[in-house]
Amino acid sequence: MEIKGAGGSQGGIGRFFLGLIMLIGGGYLFLNSIHVTNSFGLGYSLYSFGGFRLTSGFVLIPFIIGIGMIFFNSANYLGWFLAIGSLIMLGFGVITSLHFTMQRMTLFELITILVLFIGGLGLFLSSLRNLAR
C-alpha cells in the first residue's frame, strides 16, 4: 500500500500544512489591516436619475406603502413588489456606501503580509500536484 500526500498526490503533507498555515496567517493579517467605514444615512444619496437624487429616506416611502398594501390584502403583488424592491434598494445602498481603507503600515509589514499570503498559496497549491521524480 502506497502512502499518498495531500489530495492523494505526491506533493507532501508538510508542504500542505505549512502552506495552509502561511495562507491563513497572511490572509488574517491582510484582512485585519483593512478599515471599513460608511456614510449611510437618511439624507445620503443612493441613486441619481438625471438631476433627481434618490436618498435612502425616499426609498422608505414605497416600502411603507407596500407594507400597508400587504397588510390590507396579502395577495396583492404590487405591495410585495414595493416592499421587497425597497428592501433590496436599501441593501444595495448600504453596501455601496461602504469605504475600505488600508491602515498605515510600513513597507516591511506589507511585504511580510504579502510573502505569507502569496507564498502560502504557492506552497499549498504545489502540495496538491504530483512532483516529478
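1. Ground rules. Residues are numbered from 1 along each chain as its sequence is written, and side-chain values use heavy atoms, leaving out hydrogens and water. Since this is a predicted model, local features need pLDDT of at least 70 and side-chain atom pairs count only at pLDDT 80 or more, while totals for chains, interfaces and linings use all residues.

2. The overall layout. The chain has 4 helices and 4 strands, where helices (H or I, at least four residues) and strands (E, at least two) are DSSP runs numbered from the N terminus. Reading from the N terminus, the order is α-β-β-β-α-α-β-α. Of the 133 residues, 22% count as buried (buried is under 20% relative accessible area, exposed over 50%, partly exposed in between, with a 1.4 Å probe and protein chains only).

3. Have a look at α4. This helix covers residues 107-127, 21 residues in total, and spans 29 Å from its first C-alpha to its last, close to the 30 Å expected at 1.5 Å a residue (the expected span is 1.5 Å times one less than the number of residues). Its buried residues are Ile 113, Gly 120, Phe 124, Ser 126 and Ser 127, and what covers them includes α1 (13-32).

4. How do α1 and α4 pack? Their axes are 7 Å apart, at an angle of about 150° (axes are lines fitted to C-alpha atoms, for helices over the stretch in contact, and angles run from 0 to 180 degrees between N-to-C directions). The two helices are therefore roughly antiparallel (under 35 degrees is roughly parallel, over 145 roughly antiparallel, 65 to 115 roughly perpendicular, the rest oblique). Residues making the contact (heavy atoms within 4.5 Å) include Phe 16, Gly 19 and Leu 23 of α1, and Ile 113, Gly 120 and Phe 124 of α4.

5. Now the rings. There are 2 aromatic pairs in the structure (rings of Phe, Tyr and Trp, using its six-membered ring, pair if their centres lie within 6.5 Å; planes under 30 degrees apart are stacked, over 60 edge-to-face, the rest tilted). Phe 16 and Phe 17 have ring centres 5.1 Å apart and planes at 80°, so this pair is edge-to-face. Phe 16 is buried at 18% relative accessible area, whereas Phe 17 is partly exposed at 45%.

6. The link between helices. Phe 16 also forms a tilted pair with Phe 124, with 5.1 Å centre to centre and 35° between the planes. Phe 16 lies in α1 and Phe 124 in α4, so this pair ties together parts 108 residues apart in sequence. Ring pairs join Phe 16, Phe 17 and Phe 124 into a cluster.
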